[in-house]
Amino acid sequence: MEKTLWYKDAVVYQIYPRSFCDSNGDGIGDIQGIISKLDYIKDLGVNAVWLSPIYKSPNDDNGYDISDYRDIMDEFGTLDDFKEMVKGMHDRGIKLIMDLVVNHTSDEHKWFQESRKSKDNPYRDYYIWRKGRGKNGKKTPNNWMSNFVGPAWKYDELTGEYYLHLFSEKQPDLNWENPKVRQEVADICNYWFELGVDGFRCDVITYISKVYDKNGNLPNGSLLKDAPLMGKHNYCMGPRYHEFMHELNQKAFGKWDSMTVGESQGITFKDAFNSIDESVQELDSVFSFEHVTTPDSILMVFPKKFNLVKFKKILSNWQTLPLTSQPTLFLENHDQPRSWPRFVGYCQENKEYAAKMLLVAMQMQRGTPYVYQGQEIGMTNMVLKDDEYKDIMARRIFGIMKKVCPPLMPIARKAMAKRARDHARTPMQWNDSENAGFSTATPWMYINPNYKQINVKASEEDPNSILNFYKKFIAFRKGKEIIIKGSYIPYYEKSKDLFVYQRKLQNKSYFVVCNFKNKEIKFKVPQGLVCKTSSIAISNYDEINTLTLQNYTLKPFEATVFEIEE
């Protein structure tokens with residue numbers, strides 16, 4: 001099938017199904033709830049949806065622990081519901097991207113249930129089993145740590161060996177060295193492609209190849225280099241990663257007019273070409289987390305303050321990739337807290353302008369933009385008590401701190417108040433009625449109390465809302481050749497206040513000026529910029545201090561795009 005590369009002019013809307021819309025009054029979002037909001041999604045202007053996992057799962061990690069890859073979680077609906085949703089999306093010109101979670105399964109998956117029965121079971125080599133070290137074999141096979149805190153090994157009494165789990169102990173890692181596992185994954189992908197899926201977001205895909213020594217053992221790692229969430233280590237971007245991904249592309253991805261995006265811990269823009277360029281035939285794009293995380297902050301317990309200069313440098317680096325390598329553009333997802341005030345600081349005044357400015361700053365760049373549910377109405381983090389966090393990572397961090405080092409609990413609370421994944425998982429705020437219009441029952445997750453003010457209904461009725469600006473901007477962006485493939489020229493690179501760049505194609509260009517501060521900032525046109533004529537293409541202010549590109553004073557959080565002809 002011919003690859004049309006449709007994703008190069010797409011805007012993707014991410015749905016976290018459990019928190020999007022509940023149709024049957026059980027407090028949990030579901031597929032029929034998504035179907036009921038398809039017109040809303042279409043009206044937003046996006047042309048693709050990324051759906052977080054809806055497969056069968058015992059929900060140890062909110063669906064990222066899959067027990068059956070070919071069926072739907074009971075709480076979400078049925079395969080018939082899924083087929084109805086796919087048809088509804090396609091009828092509206094919306095593509096569907098599913099989450100592909102294949103570094104690990106649930107420990108309740110039939111493969112693992114068979115694997116742990118005996119050492120000679122046909123499924124034993126579907127997972128990574130090792131004998132323990134020490135005289136009695138009760139010491140873990142190596143010193144690797146789980147990304148969810150604690151050892152990455154779980155002892156199983158039945159066969160007297162350990163299995164590897166780089167995440168929860170209920171998420172045993174698959175053994176990608178086994179060709180049968182790789183074929184199973186390809187078959188799963190083709191199964192969903194045949195049901196109408198248009199692509200996959202590949203969860204922690206860079207973890208599939210581990211480092212082995214010459215004897216087939218997994219080596220010890222450095223406590224600094226191999227600390228969870230720290231980037232490259234002995235179980236990320238292993239020696240066979242590219243081989244595995246090219247094989248999966250040939251057996252599945254490349255046979256369809258699809259789009260794939262990888263969750264890419266360990267990949268920076270320096271590695272990106274070899275992972276996403278069209279010539280290598282692996283993934284079509286990857287999520288880089290350099291601009292939204294602090295890699296040198298262990299477990300995010302000590303998050304660093306936002307640095308605009310570093311932020312711009314990272315994003316600008318990705319813009320240097322050739323047109324055959326597609327970047328991704330995002331500020332929020334189900335694993336990231338809300339973007340306001342993360343990138344602009346706390347500012348009740350002008351916060352709507354801040355949200356609009358962040359949209360322009362990110363999405364005028366080249367790449368495929370992603371909008372996370374609720375981002376388009378300005379949903380925010382919320383205040384939670386220790387026992388109100390639902391996410392496995394927050395619960396484990398609190399549990400360890402309380403047990404091992406209680407004096408550090410205030411620091412952990414402060415960190416989770418800013419960085420916990422729960423902030424992105426509070427239910428979608430549809431209106432100001434009970435439970436924010438999300439459900440008629442008590443929701444599975446706490447609803448942010450500010451839903452009375454921040455909700456879809458109020459946003460739709462306000463012509464100056466964040467939502468209506470999103471609609472306007474997405475419509476403006478769509479089909480613009482300058483944005484899709486124009487060159488990227490950064491300015492004001494050392495400025496701690498301004499994000500300024502030019503997108504150029506032939507003799508026309510867009511000049512983007514974004515003020516990251518809640519105060520007026522003086523702007524001067526860069527020397528040497530060629531500008532025969534200019535006009536405002538789009539701005540987050542109805543009235544700004546100029547109608548053409550010239551020296552002027554920017555308003556707080558102003559974002560203005562000037563169209564230039566040389």
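This is a predicted model: local features need pLDDT of at least 70, side-chain atom pairs count only at pLDDT 80 or more; totals for chains, interfaces and linings use all residues.

User: What is the phi of Ala-436?

Analyst: Ala-436 has a positive phi of about 60°, although it is not a glycine. Most residues other than glycine have a negative phi.

User: Where is Gln-506, which also has a positive phi of about 60°?

Analyst: Gln-506 lies in the loop between strand E15 (498-505) and strand E16 (508-515).

User: Why is Gln-506 called exposed?

Analyst: Its relative accessible area is 69%. Exposed means over 50%. Therefore Gln-506 is exposed.

User: How do you know that Lys-305 is exposed?

Analyst: Lys-305 has a relative accessible area of 80%. The cut-off for exposed is over 50%, so Lys-305 is exposed. Lys-305 lies in the loop between strand E11 (285-287) and helix H8 (308-319). Together with Lys-496, Lys-517 and Lys-519, Lys-305 forms a positive surface patch.

User: What makes strands E7 and E8 a pair?

Analyst: Pairing needs at least two bridges. Strand E7 (residues 153-156) and strand E8 (residues 161-164) have four, so they pair, in the antiparallel sense. Tyr-155 has Tyr-162 in E8 as its bridge partner. The hairpin of E7 and E8 has four residues between the strands, and Gly-160 there takes a positive phi near 70°.

User: Which peptide bond is cis?

Analyst: The bond joining Trp-340 and Pro-341 is cis, with omega about 10°. Pro-341 is in helix H9 (residues 339-342). Most peptide bonds are trans.

Notes
Residues are numbered from 1 along each chain as its sequence is written. Side-chain values use heavy atoms; hydrogens and water are left out. Patches are made of residues with over 30% relative accessible area and no salt bridge: like charges are joined within 9 Å, nonpolar side chains (Val, Leu, Ile, Met, Phe, Trp, Tyr) within 5 Å. Accessible areas come from the Shrake-Rupley method with a 1.4 Å probe; for residues, only the protein chains shown count as cover. A salt bridge is a side-chain nitrogen of Lys or Arg within 4 Å of a carboxyl oxygen of Asp or Glu. Lys and Arg count as positive and Asp and Glu as negative; His and the chain ends are not counted. The place of a charge is taken as NZ of Lys, CZ of Arg, CG of Asp or CD of Glu. Helices (H or I, at least four residues) and strands (E, at least two) are DSSP runs, numbered from the N terminus. Buried means under 20% relative accessible area, exposed over 50%, partly exposed in between (1.4 Å probe, protein chains only).
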